[in-house]
Number of protein chains: 6
Amino acid sequence: MPKPINYADASPAVRAVFDDIKATRKVDDVNNFWKHLANDPATLARTWESVKEIMAPGALDVRTKEMIYLAISVSNGCGYCIASHGAAARKAGMDEAMFGELMAVVGMANETNRLADGYRVPVDERFENLF
Amino acid sequence: MPKPINYADASPAVRAVFDDIKATRKVDDVNNFWKHLANDPATLARTWESVKEIMAPGALDVRTKEMIYLAISVSNGCGYCIASHGAAARKAGMDEAMFGELMAVVGMANETNRLADGYRVPVDERFENLF
Amino acid sequence: MPKPINYADASPAVRAVFDDIKATRKVDDVNNFWKHLANDPATLARTWESVKEIMAPGALDVRTKEMIYLAISVSNGCGYCIASHGAAARKAGMDEAMFGELMAVVGMANETNRLADGYRVPVDERFENLF
Amino acid sequence: MPKPINYADASPAVRAVFDDIKATRKVDDVNNFWKHLANDPATLARTWESVKEIMAPGALDVRTKEMIYLAISVSNGCGYCIASHGAAARKAGMDEAMFGELMAVVGMANETNRLADGYRVPVDERFENLF
Amino acid sequence: MPKPINYADASPAVRAVFDDIKATRKVDDVNNFWKHLANDPATLARTWESVKEIMAPGALDVRTKEMIYLAISVSNGCGYCIASHGAAARKAGMDEAMFGELMAVVGMANETNRLADGYRVPVDERFENLF
Amino acid sequence: MPKPINYADASPAVRAVFDDIKATRKVDDVNNFWKHLANDPATLARTWESVKEIMAPGALDVRTKEMIYLAISVSNGCGYCIASHGAAARKAGMDEAMFGELMAVVGMANETNRLADGYRVPVDERFENLF
């Protein structure tokens, strides 16, 4: 059922989103993710608007944002997302050393998250003033 | 069973780790996390050595690493880890705007990870050359 | 080790479960899931009895139940379960618009779950009277 | 840092979102979730617009949508979200029998998702024509 | 809504399950988990029958089974389940050293699971003959 | 980018880790996991040292540790880890009946974790003295 929809077969509303993706990202065609989402034009439009707004440079630069996106995708085990945001992070400047350190932090965070839960560690009072 | 162990009651091996944590982080006392891990001195020592090595500045700066750590902790719903690494990220320079954008990326990644899995999106060939 | 067991090679106890699955679902053969579970006849029998009881129409109709099953499978990133319960939901009447809205809710819930955890939002008192 | 922002202390942009939430939901005050998100007005506005669009009645009725939202929140173990969407589902008509069946499906889906992954079950070809 | 149901207020069907739990486990009262599940007698009965069957000694002893149950509960971050199955594992003979090693394995598995996903490691052919 | 590194192309530091893995495990070649990690020699060395220390026999035997590792990998849905630790558990003596019971416990734990969260079950006081 959720087959990808290519530009040639897309409705005007879907084409408008595809055109904006291509113009914003300076690419010839949109990724499979957007072609599948096109089955639900409302979700396609809303998701693209959100991604475009969130991933624009702001207090954090694009490379940092893509690396955080990749970190979450790895933690969730989402194969498509690891590939697509791995590629996006690389295009945004993530080199091999950065990727190695990113993975090290992701792995360590997943380890210590379980140690904290398993040892039932209560929150330190001092954190409350900081966060 | 897994009660916290304070410095005064700690074995020399545990004290040595606590001393290194305090010296490295320039703090008066270690967080509850380490006091609970002290029930298993081997895990305490190994975890601290790994954290110290991984969280040192390298290809990524400390602030970026703490924000990635926080992002994973939020995604896993680990209350202690959100509080402790939220505090650590703030000490490392994360301001309110950065936190807001970090959370926006974490939320969006968790949303699109499920959209990609649910629509059963196949990996685009072009990603393979990039990642 | 956990190879699938076909009807022809199954023990009488496994065949009895397979026969009940085929009769209940009006299908010619059982899905791969059951053929693999057949390696552990106790788990096969118990799981089928539970699924049959839980997925029968009750306060919720079958289509709603299959869509909830699919929502969880998507959230867990279980490829087999997304395919099998996607197919089951479709057979039970889920059309494209329903699937689109289901995915939108699943995505949004995964996003806001993290926002709630990350911002450390305390539970509103008013909820206690309602749930 | 991420302290809740009440209406009296909110900026005009935040107040506009709060006013729309109160009008749409016919409530006197917004939930804690929105007061915390108000620390990042862009995320507040975007999240509310998305929630309003996604949770409106469409191919699926509001009660079904709230129950799916609750199912995901339970599966993620998000305490705030379980309480808030449990209350919302109840207001939308979920009775005790529906909640019981919802939980039974959520539990069973989480169980069989792991059985399918652990037994390494390959996807049945027949599913491809259906989903 | 999902308030606990005590023995004195329970229906005969619920009391029968409570009696069996108390007799099987040789305890004076059932845990809160069962009192809450009692809101849905079908789920109460089915869950107890499954737990009783699965947690009985078999190819694996009770202590090993409770430690695996605890490991999953820690990995899922379920606070109630960590406390209840931590207590059960301890009653079944898990001492402090065993708990420490259990947590170390749980932490390491959660770390390397992400490293394997993030580095996109393909399955070694040799594993297929073994598992 | 994260392509596997074979022994012939590895640096002396990487070869030293590979040699230790081969000697410790008495195998001719290391698994793909280590060849991919070799892209980040610091993570390779640290991860191997941790795995070697944690998976050595101690208060828990190797078979129990590998089964816990497998249980977490199944719960996380990590395909590579299920295959590699399934093979390791089998080499360490896990037979078909043990695997069947392991999977039954993993499935049940994932089910009851969600029931406990969804019914918002408070922790029984009696657990505090035990765990």
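How many residues does the contact take from chain A and from chain B? In this predicted model, chain A gives 68 residues to the contact and chain B gives 69 residues. The area buried between chain A and chain B is about 6,200 Å². Carbon and sulfur atoms give 72% of that area.

The two chains are related by symmetry. Chain A is superposed on chain B by a rotation of 180°, with 0.0 Å of shift along the axis. The RMSD of this superposition is 0.0 Å. The copies meet through the same surface, because 100% of the interface residues of chain A are also interface residues in chain B.

Two salt bridges are counted between them. K65(B) forms a salt bridge with E101(A). The closest N and O atoms of K65(B) and E101(A) are 2.9 Å apart. Between chain A and chain B, 22 residue pairs are in polar contact, with both residues at pLDDT 80 or more. Several helices build the side of chain A that touches chain B. The elements that give two or more residues to this side are α2 (32-37), α3 (41-55), α4 (62-76), α5 (79-91), α6 (96-118) and α7 (125-128) of chain A. Of these, α6(A) gives the most, with 17 residues. By class, the side of chain A that touches chain B has 39 nonpolar, 18 polar and eleven charged residues.

Chain A also meets chain E. How many residues does this contact take from chain E and from chain A? Chain E gives 19 residues, and chain A gives 19 residues. About 1,700 Å² is buried between chain E and chain A. Here carbon and sulfur atoms give 65% of the area. On the chain E side, M103(E), E111(E) and R114(E) lose the most area to chain A. Together these residues make up 31% of what that side buries.

No salt bridge is counted between chain E and chain A. Two residue pairs are in polar contact across this interface, with both residues at pLDDT 80 or more. Which elements of chain E give two or more residues to the side that touches chain A? They are α4 (62-76), α5 (79-91) and α6 (96-118) of chain E. The largest share, twelve residues, comes from α6(E). By class, the side of chain E that touches chain A has nine nonpolar, six polar and four charged residues.

The same surface serves both copies, as 100% of the contact residues of chain E recur in chain A. E111(E) is also one of the residues of chain E that lose the most area to chain A.

The structure holds 30 salt bridges over all chains. One of these joins R46(D) to E53(A), whose closest N and O atoms are 3.0 Å apart. This pair crosses between chains, from helix α3 (residues 41-55) of chain D to helix α3 of chain A.

A disulfide is a covalent bond between the sulfur atoms of two cysteines. The count comes to six disulfides over all chains. One is formed by C78(A) and C81(A), with their sulfur atoms 2.2 Å apart. Which hand does the disulfide of C78(A) and C81(A) have? The torsion about its S-S bond is about 45°, so the disulfide is right-handed.

Technical notes: Residues are numbered from 1 along each chain as its sequence is written. Chains are lettered from A and ligands numbered from 1 in the order in which they are written. This is a predicted model: local features need pLDDT of at least 70, side-chain atom pairs count only at pLDDT 80 or more; totals for chains, interfaces and linings use all residues. Side-chain values use heavy atoms; hydrogens and water are left out. Contact means heavy atoms within 4.5 Å. Buried area is the accessible area (1.4 Å probe) that two parts lose on being put together, summed over both. A salt bridge is a side-chain nitrogen of Lys or Arg within 4 Å of a carboxyl oxygen of Asp or Glu. A polar contact is a pair of N or O atoms within 3.5 Å; within protein, one must be able to donate a hydrogen and the other to accept it, and residues adjacent in sequence count only if both atoms are side-chain atoms. Helices (H or I, at least four residues) and strands (E, at least two) are DSSP runs, numbered from the N terminus. Ala, Val, Leu, Ile, Met, Phe, Trp, Tyr, Cys and Pro count as nonpolar, Asp, Glu, Lys and Arg as charged, and the others, Gly among them, as polar. Copies are superposed by least squares on the C-alpha atoms of residues with pLDDT of at least 70 in both. A disulfide is a pair of cysteine sulfur atoms within 2.5 Å.
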